[in-house]
Amino acid sequence: MSGKQIRLKKLYHHSDKLLIVPMDHGITIGPVKGLAEINNTVKAVFEGGADAVVVHKGLVRYLTETIGSNKGELIVHLSASTALAPESQATRKEVVSSVEHSIRLGATAISTHVNLGSPFEAEQIRDVGLIAEECDKWGIPLLAMMYVRDGSKQHEFDPERIRHAARVAEELGADIVKVNYSGSAESFKDVVSGVKIPVLIAGGERLSSNDDLLEMIDDAVSAGANGISIGRNIFQDENPGKLCASIRSILDQK
């Protein structure tokens, strides 16, 4: 069994459906609620049944007591940009760490972000392709976060564009892909059918209620999603552990 297969088994900590909580937003939008005291939030989501969290390399030092030892896994995110950048640079993501460094930090998997349709698409596609090769070299899974960001909000949730985005990740060598939910179970079945790798849904901006979030997750998993990778809708909740437990219940029933 290869190192990548072993790490993938570790990543699927609870069942055959993934519950990942990205917390890499501090670079983008700063120390918002849920991230200022990130150690407490990580503890809460693991207690609620999360399989893994996604953080940037600099925060791993604060999480050594919380991650691993049958608690939950670490995914190190390699892409970064800030909301302080000029509007013309808003969709530009730069690689700020390496696969090798992430492994030294104890990562079980790597993640990276691509904005398709942006003026910087070519560079980001190149980066994820090369990162995928490094992941194969070191035997570590790659989660590709793929978004359609061509300036049209409508296009971000267009099923055909999302289907294309998922396929780009697979063709470049990613092991798991995260995309926006297309809005209906019927259309998302087409997204999932276009690839053979596991497909996770993103959460995006805060939804109006947890009921809406749970309904979206239930629909997506019914359509074939392998789980979720949702950040703000979980870590900014008043009780992220309880919310994760509710999500875990949905995932484990499917």
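Setting aside neighbours within four places in sequence, Gly-49 touches His-14, Leu-19 and Arg-248, where contact means heavy atoms within 4.5 Å. The glycine sits in the loop between H3 and E2; helices (H or I, at least four residues) and strands (E, at least two) are DSSP runs numbered from the N terminus. Just past H3, Gly-49 adopts a positive phi of about 110°. Gly-49 counts as buried because its relative accessibility is 6%, the cut-offs being under 20% relative accessible area for buried, over 50% for exposed and partly exposed in between, with a 1.4 Å probe and protein chains only. Thr-91 is 42 residues from Gly-49 in sequence, and their C-alpha atoms are 32 Å apart.

A word on the model itself: it is predicted, so local features need pLDDT of at least 70 and side-chain atom pairs count only at pLDDT 80 or more, while totals for chains, interfaces and linings use all residues. Residues are numbered from 1 along each chain as its sequence is written, and side-chain values use heavy atoms, with hydrogens and water left out.

Now for the barrel. Eight strands close up in the order E1-E2-E3-E6-E7-E8-E9-E10, with parallel pairing; two strands pair if DSSP finds at least two bridges between them. From one strand to the next, the twist averages 25°. E3 and E6 (residues 109-116), for instance, pair in the parallel sense through three bridges, and Ser-111 in E6 is the bridge partner of His-77.

Helices lie against these strands. H3 lies across E1, E2 and E3 and runs at about 155° to E2; axes here are lines fitted to C-alpha atoms, for helices over the stretch in contact, and angles run from 0 to 180 degrees between N-to-C directions. H6 (residues 159-172) also packs on the sheet, where it touches E6, E7 (142-148) and E8 (176-179), and its direction makes about 150° with that of E7. Within H3 (residues 38-47), the buried residues are Ile-38, Thr-41, Val-42, Ala-44, Val-45 and Phe-46. Their cover includes E1 (18-22), E2 (52-55), E3 (73-77), H9 (232-235) and H10.

Over in E7 is Met-146, which is buried at a relative accessible area of 2%. Beyond its neighbours within four places in sequence, Met-146 contacts Val-114, Leu-116, Ala-165, Val-168, Ala-169, Val-177, Lys-178 and Val-179. Met-146 and Ala-165 are 19 residues apart along the chain, with 5.9 Å between their C-alpha atoms.

Two helix pairs round out the picture. The axes of H6 and H7 (residues 185-193) come within 8 Å and cross at roughly 25°, which means that H6 is roughly parallel to H7; angles under 35 degrees count as roughly parallel, over 145 as roughly antiparallel, 65 to 115 as roughly perpendicular and the rest as oblique. Pro-159, Ile-162, Arg-163 and Ala-166 of H6 meet Ser-187, Asp-190, Val-191 and Ser-193 of H7. By class, that contact has four nonpolar, two polar and two charged residues. Here Ala, Val, Leu, Ile, Met, Phe, Trp, Tyr, Cys and Pro count as nonpolar, Asp, Glu, Lys and Arg as charged, and the others, Gly among them, as polar.

In the other pair, the axes of H8 (residues 210-222) and H10 (residues 240-253) come within 10 Å and cross at roughly 25°, so H8 is roughly parallel to H10. The contact of H8 with H10 has eight nonpolar, two polar and one charged residues.
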